[in-house]
Amino acid sequence: MSAFRSDLLATLSARGYIHQLTDADALDALAMKAVVPGYIGFDPTAPSLHVGHLVSIMMLRRLQQAGHKPIVVMGGGTGKIGDPSFKDEARKLLTEEVLAANIASIRRVFERFLTFGDGPTDAIMVDNAEWLDKLEYIPFLRTVGQHFSINRMLSFDSVKLRLDREQSLSFLEFNYMILQAYDFLELSRRAGCRLQMGGSDQWGNIVNGVELARRIDGTHVFGLTTPLLTNADGSKMGKTVGGAVWLNEDQLPAYDYWQFWRNTHDDDVGLRLRLFTDLPLDEIARLEALEGAGINDAKIVLATEATALCRGRAAATQAAATAAETFAGGAGDDLPRLRVDEGRIPIVIALTVMGFAQSNGEARRKIAEGAVRLNDIAIKDDRYEIVLDQDAPVKLSLGKKRHALLERA
């Protein structure tokens, strides 16, 4: 394929976002002559999205930066079912009240990455419950269901994986891909949407929507997926010992978010700079080429720029300053804090409460390994109780990169 001519696809390609693309030449031509509304769907299964969603959010940001219109689709309708793609079991069904609360909480993150408004390239947020909740079953089956082949649906990897493992796939979940395809049809009618983007695990669902719009309305729409993002060691990006890396401030402090990016493997720095920051590509190339101790400078830039996009420049600068002070032997003001009512707490409990360990057993193992310190002094006794003075907080550390302050309430 020749080099892309549109700013949109040239940017997405150069920064590493493109994995699969339907009718690339036609989309490239369209993006050169018209504003392309494009959407990504997010099911509100928790009060916050996490780092695993961030590449999709950044794609919407790139869409807007290239002069096109982002559409954020909240799955108030599909979220009542749950996407079965590559899941081992069905998700817990959520109530409408929980879904509404999650959507309100998630909305705040998108306002940092996108400009919302009524203009031709301003982002909009819609809830697919607006149309899915109104569907009548028999008319929907007659109009939409006739265009789906069960044989083909069973061939999708997301379905085959569950069936091959002899894991239950409910009829409710099986309908998810039909509803997602219908979302694309509905958005093409309501908002002139021409592009759906998503992760590589959504390819089958996206192609269904492309074909449905063509068959029912004769509309030429497009699909684009990103590569599955993994760490240099092959593990899934965003999965850590402490759990999900949440985007919302009330789910994860800015310092911990900054530290996630600072802990990036050397081999992943360049890719993450391209995907998750707005730095120019020539500057990223310079940072990526740094060797030895210099790569740590690149990681600090990555952490600060990625945090600035999600949490604001002030929070990113403060997190970087806290890290510098902490690693220099101090205890920065922006570290996560735990207030202890009784003035004393077993060290094993402190480690689990702060999320440094997932269980008391894991906490004891970390202590035995010599990885736990109080005020930079190693603690070897897992029966140790931390006693707190009224005026002086204690710095709890796990390894070299995880720190928290304990203080008396």
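How many helices and strands are there in the chain? The chain holds 18 helices and 15 strands, where helices (H or I, at least four residues) and strands (E, at least two) are DSSP runs numbered from the N terminus. Please keep in mind that this is a predicted model, in which local features need pLDDT of at least 70, side-chain atom pairs count only at pLDDT 80 or more, and totals for chains, interfaces and linings use all residues. Residues are numbered from 1 along each chain as its sequence is written, and side-chain values use heavy atoms, with hydrogens and water left out.

**Overall build**

With 409 residues, a compact globule would have a radius of gyration near 22 Å, and the chain agrees with its 24 Å; the radius is taken over C-alpha atoms, and the globule rule is 2.2 Å times the number of residues to the power 0.38. Along the principal axes, the C-alpha atoms fill a box of roughly 70 × 50 × 40 Å. Of the 409 residues, 49% count as buried (under 20% relative accessible area, with a 1.4 Å probe and protein chains only). Among contacts (heavy atoms within 4.5 Å) with a separation of 6 or more, 72% are between residues 24 or more positions apart.

**The cores**

A nonpolar core here is a set of buried Ala, Val, Leu, Ile, Met, Phe, Trp, Tyr and Cys residues joined through side-chain atoms within 4.5 Å. The largest has 64 residues, and Phe110 and Trp261 touch the most other members. Leaving out residues up to four places away in sequence, Phe110 touches Phe42, Leu49, Ile57, Leu60, Val72, Met74, Phe116 and Met125. A second, separate core of 29 residues includes Met153, Tyr176, Ile178 and Val221.

Let us now turn to Gln180 and Val73. Gln180 lies in helix H10 (residues 176-191), and Val73 is found in strand E3 (residues 69-74). Gln180 counts as buried because its relative accessibility is 8%; Val73 is buried too, with a relative accessible area of 1%.

Their C-alpha separations from two residues elsewhere in the chain are listed here.

| Pair | Places apart along the chain | C-alpha separation |
|---|---|---|
| Gln180 and Ile206 | 26 residues | 7.8 Å |
| Val73 and Val210 | 137 residues | 17 Å |

Which residues does Gln180 contact, leaving aside its neighbours within four places in sequence? They are Tyr39, Gln196, Gln202, Asn205 and Ile206. With its own neighbours within four places left aside, Val73 is in contact with Tyr39, Ile40, Gly41, Phe42, Val126, Asn128 and Leu187.

Key: Buried < 20%, exposed > 50% of the residue type's maximum accessible area, 1.4 Å probe, protein only.
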